[in-house]
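Subject: Structure handover

Dear colleague,

Here is the structure you asked for. My notes on the contact between the chains and on a few of the helices follow it.

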Amino acid sequence: MTAPLAAQGLVTRAQIEDFLYHEAALLDEWQLDAWQELLTEDACYYVPSNDQPQSDHRRALFLIADDRERIRQRIIRVLDPNCHAEYPRSRTRRMISNVRILGIENDIVSVAANFVCYRFRRYERIREYVGSYHYLLRRVGEGFRIKERRVLIDAHELGTLGSVSFIL
Amino acid sequence: MSARSYIVDDRERKTFLLDREVLVSEEVLRQEMTRIFGRCWIYVGHSSELKAPGDFRSRRVAGRPMIFCRDQSGAFHCLFNTCRHRGAIVCTQREGNARRFMCIYHGWTYGNDGKLLRVPGDDAYADGFDKAAHGLRRPARFEEYRGFWFVCLDADAAPLAAYLGEAKDYIDLVIDQSPSGQMEIIAGVQEYDVAANWKLMVENSVDDYHLPSTHSTWLNFMANSGVKIEPPKEAGLVLPTRGLAVDLGNGHFTTDNVNFRGRPVAKWIPLYGEAAKQEIDDIRRELVDRLGEERARRVADTNRNLVIFPNLVINDGSSVTVRTFYPQGVDKMHVTAWALGPVEESESARARRLDAFLTFYGPGGFATPDDVEALELVQQGLANWSDDRWSEMSRGMGKEGEQLNSDEHHLRIFWRRWNELMGAQA
């Protein structure tokens, strides 16, 4: 099962990095409609609670556990000027590194990366979200689509980070 | 010593004003730590978090490090997490199972009942040194109501059951969701700070006046998900259905609302999916069989946001959340929130409950982040307190009888009790 794509040189870390950097740019620029086009129709987005990073969202309380429809609704919400937590919008800047291809099965590539996401709001100190991204990417033609996006925050508690009201 | 009053409670002019100094003053916070947090019953944790002998959770309770644990016999304890020798925290793990807690500094070791078991090199102490007198100290009082454990630092306080008073009925209503009468804290805790005075969270937790303006994106989401929330038809209502604010005595209060938004127990909405219909019907049937039609209706068809004075909130709405918070300075609070569910819940019902929780509550929910924003904007605005001194809280004062959830009756209950405990002249 393993690595036919990688073995044939069809998936390289550079390709994955290009994809993740592109995604990060869309999120930081609030191009959320374009970002949604990177998702598969069965995409999920998870942010587990800080004390349960390895849990299942059906058994443990998460911060975010969105299916595709919930992601759609989340984006309608955060783009609405009445989403007070994000209006005025946060400015974010994310740094992605330590990108690894963990495995390839059929057309699914499992990827992990480290991130720092700096969040700025008016009258506020910087909030630094530090953690790891875990993706299941589907190979589609020459590119990729996100089937699962799991964000693990390293902080023991959300604490001064306060909320995850933007797409982390 | 009695302080001046922080409220203007003018029943003739139907006016209630709050002095904003109470939300910004270091001196007030210092007094609160003794007069409020030093005298009231404060929530520690739930029985279900400690399933076996030796289980422990270390946490801050009103800012103080404590160990909530069970000893080898299974008895529950709440211990100050502070070594008797030189004061270090002795339990550094968040949770686990342990027979002993050893201070890493000099090795003093305590049992999970708090007794001092071992002092390295204890032959260096004079004969009078009594190990038995050096167990971990603990809050003066530690009592439970139906799985909810509280501490009180005041040895002379009334028992917990008397303190809770009528609030017990509303805790019972939540617990009645469970066929066996057993609710449990679900794994996964949301811990986050809000840059606002802790008392603003008390207000926000029960203030239904703010829903249309603060949470319009949540109302849109509900509409997009097939739950059309119609504007109220009845004059004077802010919400689509009638809801009351109820005084439960001792500074406790609750909202008591006719549900309009779906409930995992047991009101289906399209958001839950067609597949959930049958199971929700079954849950409802079990409620009616066990509790009778009237009580089942109370459990299933009402939403209640309950405040146990001063800092415990149990919201039985889109899901059940248990939330407590404490001040970390005048303009910052730390919030801890859990989900609560029946122990016998099926896998699918549990998943639905957790999903419903996230539609509204928590740092990534579709409503809570906007509540946090509102409270932080209040705190920022309060920088002008000395020139714009009074907060307005008179809604509903002109009315006889029932007070609505969108009035400010319940907020006034909180502030009157708070003012009284702070030693103000009535």
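A helix axis here is a line fitted to C-alpha atoms over the stretch in contact, and the angle between two axes runs from 0 to 180 degrees between their N-to-C directions. Please also keep in mind that this is a predicted model.

On that basis, helix H4 (residues 68–79) of chain A and H6(B) pack at about 145°, and their axes are 10 Å apart. Their crossing is right-handed. H4(A) contributes Gln73(A), Ile76(A) and Arg77(A) to this contact, while H6(B) contributes Thr217(B), Phe221(B) and Asn224(B). By class these residues are 2 nonpolar, 3 polar and 1 charged.

The contact between the chains as a whole involves 32 residues of chain A and 33 residues of chain B. On the chain B side, at least two residues each come from strand S14 (190–194), helix H6 (216–224), helix H9 (347–360) and helix H10 (368–381). H9(B) gives the largest share of that side, with 7 residues. The side of chain B that touches chain A is made up of 16 nonpolar, 9 polar and 8 charged residues.

H9(B) deserves a paragraph of its own. With 14 residues at 1.5 Å a residue, H9(B) should span 20 Å, and this agrees with the 21 Å between its end C-alpha atoms. Of those 14 residues, 10 are buried, so H9(B) is largely enclosed by the rest of the structure. Among the buried residues are Arg352(B), Arg353(B) and Asp355(B), as well as Leu354(B), Phe357(B), Leu358(B) and Phe360(B). What do the buried residues of H9(B) pack against? The partners are strand S2 (62–66) of chain A and, from chain B, H6, H7, strand S19 (320–327) and strand S20 (333–342). Just after H9(B), Gly362(B) has a positive phi of about 95°.

The other helix pair lies within chain B. Helix H7 (residues 277–291) and helix H8 (residues 293–301) of chain B have axes 7 Å apart and pack at an angle of about 135°. H7(B) is therefore oblique to H8(B), and the crossing of the two is right-handed. On H7(B) the contact uses Arg284(B), Leu287(B), Val288(B) and Leu291(B); on H8(B) it uses Glu293(B), Arg295(B), Ala296(B), Val299(B) and Ala300(B). The residues of this contact divide into 6 nonpolar, no polar and 3 charged.

Regards

Methods
Residues are numbered from 1 along each chain as its sequence is written. Chains are lettered from A and ligands numbered from 1 in the order in which they are written. This is a predicted model: local features need pLDDT of at least 70, side-chain atom pairs count only at pLDDT 80 or more; totals for chains, interfaces and linings use all residues. Two residues are in contact if their C-beta atoms, placed from the backbone, lie within 7 Å. Helices (H or I, at least four residues) and strands (E, at least two) are DSSP runs, numbered from the N terminus. Ala, Val, Leu, Ile, Met, Phe, Trp, Tyr, Cys and Pro count as nonpolar, Asp, Glu, Lys and Arg as charged, and the others, Gly among them, as polar. Angles under 35 degrees count as roughly parallel, over 145 as roughly antiparallel, 65 to 115 as roughly perpendicular and the rest as oblique. A crossing is left-handed if the near helix is turned anticlockwise from the far one by less than a right angle, and right-handed if clockwise. The expected span of a helix is 1.5 Å times one less than its number of residues. A residue is buried if 20 or more other C-beta atoms lie within 10 Å of its own, exposed if 12 or fewer, and partly exposed in between; C-beta atoms are placed from the backbone.
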